[in-house]
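Hi,

Here's the model I promised to pass along.

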Amino acid sequence: MRNLTSPLVLMTLFCIATPCLAQKQPRLEIAGFSVAKKDPDSDSGRALGGFGTSGLQVDVYFETPGQAVVGIDLKQTKVSLKTEDGTELPLREQLTDQTLSLNMNEERNGGTIQLGSETLPGRANTGLSLNGAIVLTVGKDSKTEEIDLKVVAGTKVKLGLLDATVGRSGDDGDQEYQMIQLNAGNPFDSVSKIEFLDSKGEVIESYFGGSGSYGGDGSMTFQQSYNVNSAAKSLKLRVTYFSKLESLKLPLDLKCGLGF
């Protein structure tokens with residue numbers, strides 16, 4: 001009796017039986033590192049060569065296929081940086097006042113994590129190792145809503161999971177332009193896109209003006225500002241946000257040498 005099963009059916013059955021083969025898994029990889037000797041006459045940690053900061057800097061590349069990263073959980077992330085002889089190097093603060101700095105691509109499914117140390121490896125060492133775990137926060141179930149916005153300082157606005165207020169606004173004397181600042185007690189991680197709409201529901205041209213944070217002792221204020229080509233004080237916001245945030249733990253066990 002002839003077997004009437006076609007190659008296409010066999011291939012389909014194989015893919016169903018082994019779905020893991022078709023799915024890329026998250027990964028970490030050391031993308032590069034730099035070592036710079038300190039200028040002995042510098043009080044700011046300048047490198048002896050005159051470019052950048054002295055010490056050791058390591059870039060860890062990551063990929064999270066099919067998952068949108070919104071931030072890094074610094075409380076759960078634990079990383080140790082060691083030289084080839086097992087000496088642990090203390091991590092220094094990055095520009096974010098944290099020991100790890102996250103830079104993502106536009107798709108939010110990859111990027112780099114930077115870390116470093118002011119302590120240089122001993123001369124006999126030719127390799128480095130990273131151990132521990134990096135915990136990323138990923139967004140799930142993207143949603144889009146339109147909400148009313150009164151452009152008046154102190155006005156409360158709900159941006160999906162995030163409670164925010166209008167910090168300040170101004171038109172700098174230009175009746176067709178204004179700067180709108182939004183403040184919140186938590187990072188804007190869950191918000192992926194904000195658009196400003198006029199009374200007819202048409203999108204107003206706007207530009208992201210920057211972000212920042214300030215505070216301390218457990219109380220922080222996070223800010224984002226937008227330059228909006230409208231002086232109207234009654235607008236609508238079209239907010240795209242993640243309705244769920246989950247943790248993605250990536251075990252860290254990496255080594256590299258001068259030749260990677």
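Below is what turned up on aromatic pairs and backbone angles.

Quick ground rules: this is a predicted model, with local features needing pLDDT of at least 70 and side-chain atom pairs counting only at pLDDT 80 or more, while totals for chains, interfaces and linings use all residues. Residues are numbered from 1 along each chain as its sequence is written, and side-chain values use heavy atoms, leaving out hydrogens and water.

Rings first. Phe, Tyr and Trp (its six-membered ring) pair if their centres lie within 6.5 Å; planes under 30 degrees apart are stacked, over 60 edge-to-face, the rest tilted. That rule gives 2 aromatic pairs. The partners are 30 residues apart, with Phe196 in strand β12 (191-197) and Tyr226 in strand β15 (219-228). Strands here are DSSP E runs of at least two residues, and helices H or I runs of at least four, numbered from the N terminus.

Phe208 and Tyr226 also have centres 5.5 Å apart, and their planes sit at 70°, so this pair is edge-to-face. Phe208 is in strand β14 (206-216), so the contact with Tyr226 in β15 ties together parts 18 residues apart in sequence.

On accessibility (buried under 20% relative accessible area, exposed over 50%, partly exposed in between; 1.4 Å probe, protein chains only), Tyr226 is buried at 8%, and Phe208 is partly exposed at 49%.

Backbone next: Asp141, in strand β8 (127-150), isn't a glycine but has a positive phi of about 55°.

Cheers
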